[in-house]
Amino acid sequence: MLKYILSRLITFVPTFLGVTLISFAFIRVLPGDPIIVMAGERGMTEERYQELLQRFGYDQPLWRQFWDYFTGVLQGDLGTSFVTNRPVWGEFFTLFPATLELSICAMIFAVVLGIPAGVIAAVYRGKFFDRALMSTALVGYSMPIFWWALLLIIVVSGWLGWTPVSGRMGLLYFFDDVTGFMLIDSLLSGQEGAFASAVHHLILPSIVLGTIPLAVIARQTRSAMLEVLSEDYIRTARAKGLSASRVNGLHALRNAMIPVITVIGLSVGTLMAGAILTETIFSWPGIGKWMVDSIFRRDYPVVQGGLLLIALIVMLVNLTVDILYGFINPKIRKR
Amino acid sequence: MADASSQTARTVPTGRPGRLSEFWSYFSENRGAVIGFWVFLAVFLVAVFADLLAPYDPAAQFRQHALQPPFWQNGGTWEFPLGTDALGRDMLSRLIHGARFSFFVGVVVVVVAATGGILIGLLAGFAPKWLDTIIMRLMDIILAFPSLLLALVLVAVLGPSLLNAMIAIALVLQPHYVRLTRASVLNERTKDYVTSARVAGARLPRLMFVTVLPNCLAPIIVQAALSFSTAILDAAALGFLGMGAQPPTPEWGTMLADAREFVLRAWWVITLPGLAILVTVLSINLMGDGLRDALDPKLRRS
């Protein structure tokens, strides 16, 4: 087992180096001179230009710039945003809770609906419920989520007036960031209605972001359940006279969960990609919107650092899933 | 290969039409797949004959009819059956022409990503261990980035346009083909027919492309169907974010981006382009499920 974990960790290192190199390389080939972009429309004198060129190290040879960047990254220094002049690392951690909160709620939505849907579909295989649920799942899987978001805004916010169109919190409330999680902070603030407002703001974005994971989880649960339900020990459990709900719920579902959990772990990348669209549409102040805004503002250090950090998160989650999977399924370790 | 076909010939007569009809019989067992196929064909025909079908030029502006609702709503007329957008352009014509861009994107992305991915995957499968390791690490690195984010940054680097969006999407979809091809190659390489071909004196290129590749194609074809729909979705998403096709191109995602400010005023400018994306993608995914059932008995869903 230790050998397995070590081998996973060893492959992690070159991938990390590669990811750093790619996120660095992208920014160096972006069109436009970063310093001129930073100056904005006011322009700048030649001396000032040279001074900034030196300060950011853009006059150094490329390999030197990469080395400085890489050693900086290892020490937790990702550079400074051109726009806000704050460290990229700090900005990331101010905004990350917003994305994390949204992603967790989206995942809860997906799991709570997706697993029962998959189980029901598998149990009623080929019947009406199965067909209806799996058709719905396929529609969800094919959904352009940016359109789905606009559609929900039209119906739920526009026609019904149930939820707000954008943001994380009503303007009436103000309180300090304690955890960065709006749901927790609003409760801690003790202001009446603040928590309800946070929930209201979360509903639509969570549904939008959770739609594709929901469809994937439902499909995966169904096929995993079908596989398990045809196993001998299930037939034995039935033959023993256990009730259908006990067989399906306890024996089958528990064994069907392994591939489902893998899918949940691996959908982090999907969530981050979805967060880009969801956060942009709902003006959700998280990592996705930050990245899109920075790309449009040509805020190079932010794009570079954000790209690296997001890839790092995806890699760490995948690594964790891999290792957990090795614990659960000894066969994997042998590869 | 010759051995395998002569063996099966004793029981079932093979050959082109036979294989095709066998494929169709599996494919048509899945009713959804058949529906998907017909819808896909319809969208394809609309894309091909867009010039004949569209009542107006997709760029023609009828300013006095701006934001006119579809015909069944109050204020709508048959003149513009699906209404007009904010500049008075006919929605129906723009939607019809949009089908072209989606198809174009899908075909180009799949061809580029699959060709590159299959070549690299074959290479990795046959290459010595060190080269294989380098290739697969490289693919891991690309896969570590969420595909849409990577495509977005790539397009920002290359400059926003439909062509660059397609290049970016093809690049981020490619690792999936590499992995699939390599996995099947590694699986096939140890089989007897490959060994016998090698013993018979087949050289490496022949071994790669003639002996092994045809037996690896089934999962790749399924992947091609899936990435066709991913390509359409991602291109529309990039268009929506302003990093894909640029206005006034009647690309569905770009149309949605143009219409965003009317989200609460004119439902049709939002609903219709998205519905077109959904229907196209859904039909392809339905077909993909059927293809999987027909081509790959191991992967059969139920």
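Good morning, colleagues. The model scores ipTM 0.85 and pTM 0.86. For chain B, the mean pLDDT is 84, and 92% of the residues of chain B reach 70 or more. Which helices mark the lowest and the highest mean pLDDT among the elements of chain B? Helix α1 of chain B, residues 2-9, has the lowest value, 45, while helix α5 of chain B, residues 91-126, has the highest, 92. Over residues 1-10 of chain B, pLDDT stays under 50, and for this stretch the model has six contacts beyond four places in sequence. Where pLDDT is low, the predicted coordinates should not be read in detail.

I turn now to the two chains. Chain A has 15 helices and zero strands. Chain B has 12 helices and, again, zero strands; read from the N terminus, its elements run α-α-α-α-α-α-α-α-α-α-α-α. Along its principal axes, the C-alpha trace of chain A spans about 85 × 55 × 35 Å. The C-alpha atoms of chain B fill a box of roughly 75 × 45 × 30 Å, taken in the corresponding way along principal axes.

How much of each chain is buried? In chain A, 39% of the 335 residues count as buried. In chain B, buried residues make up 45% of 302. As for contacts with a separation of 6 or more, residues 24 or more positions apart account for 72% of them in chain A and for 69% of them in chain B.

Let us consider where the chains meet. In the model, 40 residues of chain A are in contact with 37 residues of chain B. Seen from chain A, helices α1 (2-29), α6 (128-141), α7, α9, α12 (268-281), α13 (287-297) and α14 (300-328) each supply at least two residues of the side that touches chain B.

The largest nonpolar core has 167 residues, and among its members A:F146, A:A149, B:L149, B:A151, B:L152 and B:I169 touch the most others. Leaving aside residues up to four places away in sequence, A:F146 touches A:L277 and A:I281 in chain A, together with B:A237, B:F240 and B:L256 in chain B.

Next, the packing of helices. Two packed helices are described by the angle between their axes and the distance between the axes. In chain A, helix α7 (residues 145-159) and helix α9 (residues 194-229) pack at an angle of about 145°, their axes lying 10 Å apart. This crossing of α7(A) and α9(A) is right-handed. From α7(A), the contact is made by A:I145, A:W148, A:A149, A:L152, A:I153 and A:V156; from α9(A), by A:L204, A:I207, A:V208, A:T211 and A:I212. The residues of this contact divide into 10 nonpolar, one polar and no charged.

The axes of helix α9 (residues 192-199) of chain B and helix α10 (residues 204-240) of chain B come within 10 Å and cross at roughly 145°. The crossing of α9(B) and α10(B) is right-handed. Here B:V194, B:A197 and B:R198 of α9(B) meet B:L207, B:T211 and B:V212 of α10(B). This contact divides into four nonpolar residues, one polar and one charged.

Some helices lie in the open. Helix α3 of chain A, residues 46-55, lies largely in the open because the number buried among its 10 residues is zero. After α3(A) comes A:G57, with a positive phi near 75°. Likewise, none of the eight residues of helix α10 of chain A, residues 232-239, is buried, so α10(A) lies largely in the open. Just after α10(A), A:G241 takes a positive phi of about 90°.

Finally, one residue of chain B. B:E22 lies in helix α2 of chain B, residues 16-27. Is B:E22 buried or partly exposed? B:E22 is partly exposed, because 13 other C-beta atoms lie within 10 Å, where 20 or more would be needed to count as buried. B:E22 and B:I221 are 199 residues apart in sequence, and their C-alpha atoms are 16 Å apart in space.

Thank you for your attention.

Definitions and conventions:
Residues numbered from 1 in each chain as written. Chains lettered and ligands numbered in written order. Predicted model: local features only at pLDDT ≥ 70, side-chain atom pairs only at ≥ 80, totals over all residues. Axes fitted to C-alpha atoms, helices over the stretch in contact; angles between N-to-C directions. Helix = DSSP H or I, 4+ residues; strand = E, 2+ residues; numbered from the N terminus. Left-handed = near helix turned anticlockwise from the far one by under 90°. Contact = placed C-beta atoms within 7 Å. Nonpolar A, V, L, I, M, F, W, Y, C, P; charged D, E, K, R; others polar. Buried ≥ 20, exposed ≤ 12 C-beta atoms within 10 Å, placed from the backbone. pLDDT = per-residue confidence, 0-100. Core = buried A, V, L, I, M, F, W, Y, C linked by C-beta atoms within 7 Å.
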